Amino acid sequence: MGTRITIELFHPDTAIAQQGIDAVLKEMRHIDTSMSPFIESSELARLNAQAAQKPFRTSNELFGLIQRSLYFSGLTGGAFDITFASVGFLYDYRNAVKPDESRRLKAAALIDYHNLVLDETGNTVAFSKPGVRIDLGGIAKGYAVDRSIALLQELGIGHALVTAGGDSRTIGDRWGRPWTIGIRDPRDADKMVAVIPLQDVAISTSGDYQRYFEKDGIRYHHIIDPKSGDSARELQSVTIIGPDATSTDALSTSVFVLGLEAGLKLINSLPDTDAVLVDKHGKMHYSNDLEPAGKLRNNAKPASQPVAH
Ligand code: ADP
Ligand code: MG
């Protein structure tokens with residue numbers, strides 16, 4: 001997944017604790033092997049290579065995650081769209097490569113989740129146009145975290161934190177204290193803008209500082225507005241707190257694209273879901289339930305409110 005995985009857990013039996021760690025790492029590797037766009041033999045890469053010619057038969061797992069992605073496309077009016085990859089592959093953030101405007105606009109015309117044709121009877125996915133591609137980078141890490149948490153729960157582990165890049169989920173508390181996750185300052189890796197206490201919830205952060213380069217004073221980063229095929233620039237970071245990591249992952253990417261007003265409106269309309277946003281000026285914004293006088297929800301049982309430093 002090209003990202004750091006951390007697992008922290010408590011169990012009185014060290015053999016079970018070790019089994020939990022092994023199970024999580026194995027699951028993460030499995031999901032990476034099947035869903036990475038960079039591994040040529042991955043199921044996702046084969047789907048991308050073939051689905052414009054004829055319907056591609058997928059595993060239940062990949063089919064399910066694509067369906068879940070389409071659910072978020074509908075919920076967000078297309079802000080979350082895995083066909084962003086029709087343009088996304090033209091960017092190489094490490095080497096400061098971007099498409100010129102005409103190439104970008106031509107490819108952006110292919111971004112539309114309606115270009116995916118799913119058939120539940122045969123588990124097949126087809127692209128209705130050549131040139132369409134998909135990438136699950138906005139949801140797969142959250143999914144991997146949820147799968148990991150399920151495996152730990154099956155082992156009877158009642159206190160754990162699993163993190164894959166910007167996506168985390170917790171079981172129980174940290175042995176008598178809440179788990180805490182810091183939200184970093186988008187413009188200073190050594191500073192935190194908030195610390196969130198968590199219990200039995202998921203949290204995801206999307207930022208414009210993870211994969212980016214600057215050219216002529218403009219920041220090009222890995223979260224793409226499907227309307228333009230260009231990076232979304234209304235916010236610097238979006239953190240979503242909610243019941244599961246698949247949702248918080250998809251929603252953090254979505255709200256980043258939707259921007260301040262539409263993003264907060266969406267989060268305020270969803271049950272058990274909260275958000276902390278940093279806008280393009282570095283100013284912080286909270287969803288209704290996190291407003292200074294409010295309370296963290298999601299069973300978060302906060303020891304304190306999120307603290308702005
Ligand atoms: P990360 O933890 O990798 O930084 P994010 O949750 O912030 O991930 O999502 C960014 C990733 O989502 C991008 O690297 C890309 O793979 C994917 N992505 C970018 N734009 C969109 C979009 N509009 N809809 C869905 N996925 C997207
Ligand atoms: Mg995301």
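Biologist: Which element gives the most to the shell around ligand 1?
Modeller: In this predicted model, helix α7 does, with 4 residues.

Biologist: And how many residues surround ligand 1 in total?
Modeller: There are 19 in the shell, and the closest are K141, S206, Q210, H222 and I224.

Biologist: Ok, what about polar contacts to the ligand's oxygens? Take K141, S206 and T253.
Modeller: An N or O atom in the K141 side chain sits 2.7 Å from an oxygen of ligand 1. S206 has a polar side-chain atom 2.8 Å from a ligand oxygen, and for T253 the distance is 3.0 Å.

Biologist: How much of ligand 1's accessible area does the protein cover?
Modeller: On its own the ligand has 560 Å² of accessible area, and the protein covers 96% of that.

Biologist: Switching to the metal: what coordinates the magnesium ion, ligand 2?
Modeller: D249 does, through O and OD, along with OG1 of T253, at 2.0 to 2.3 Å. T253 also has that 3.0 Å polar contact to an oxygen of ligand 1.

Biologist: Where do D249 and T253 lie?
Modeller: Both are in α7, 4 residues apart, which is about one turn of the helix.

Biologist: Are those two buried or exposed?
Modeller: D249 is buried, and T253 is as well. That goes for most of the helix: 13 of the 14 residues of α7 are buried, so the rest of the structure largely encloses it.

Biologist: What span would you expect for α7, and what do you get?
Modeller: It runs over residues 245–258, and at 1.5 Å a residue its 14 residues should span 20 Å. The end C-alpha atoms are 19 Å apart, which agrees.

Biologist: What caps its N-terminal end?
Modeller: D244, with a side-chain oxygen 3.3 Å from the backbone nitrogen of T246. Just after the helix, G259 takes a positive phi of about 90°.

Biologist: Why call β9 largely enclosed?
Modeller: Because 6 of the 6 residues of the strand, 202–207, are buried, and the cut-off for that is under 20% relative accessible area.

Biologist: Which strands does β9 pair with?
Modeller: β6 (residues 167–171) is joined to β9 by 3 bridges, running antiparallel. β14 (residues 235–242) also pairs with β9 in the antiparallel sense, over 6 bridges.

Biologist: New topic, S231. Where is it found?
Modeller: It's in strand β13, residues 230–231. S231 has 5% relative accessibility, so it counts as buried. Its side chain reaches the backbone oxygen of H221 at 2.8 Å.

Biologist: One more: what's the strand order in the open sheet of 3 strands?
Modeller: β2-β4-β3, with antiparallel pairing. β2 (56–57) and β3 (116–119) stand at the edges with a single partner strand each, so one side of each has no neighbour in the sheet.

Biologist: And how many bridges join β2 to β4?
Modeller: 2, with the strands antiparallel; β4 is residues 124–127. F56 stands opposite V125 there.

How values were computed. Residues are numbered from 1 along each chain as its sequence is written. Chains are lettered from A and ligands numbered from 1 in the order in which they are written. This is a predicted model: local features need pLDDT of at least 70, side-chain atom pairs count only at pLDDT 80 or more; totals for chains, interfaces and linings use all residues. Side-chain values use heavy atoms; hydrogens and water are left out. Buried means under 20% relative accessible area, exposed over 50%, partly exposed in between (1.4 Å probe, protein chains only). Two strands pair if DSSP finds at least two bridges between them. The expected span of a helix is 1.5 Å times one less than its number of residues. A polar contact is a pair of N or O atoms within 3.5 Å; within protein, one must be able to donate a hydrogen and the other to accept it, and residues adjacent in sequence count only if both atoms are side-chain atoms. Donors are N, O and S atoms within 2.8 Å of the metal (3.2 Å for Na, K and Ca); water is not among the atoms, so sites may look incomplete. A residue is near a molecule or strand if one of its heavy atoms lies within 4 Å of it. Accessible areas come from the Shrake-Rupley method with a 1.4 Å probe; for residues, only the protein chains shown count as cover.
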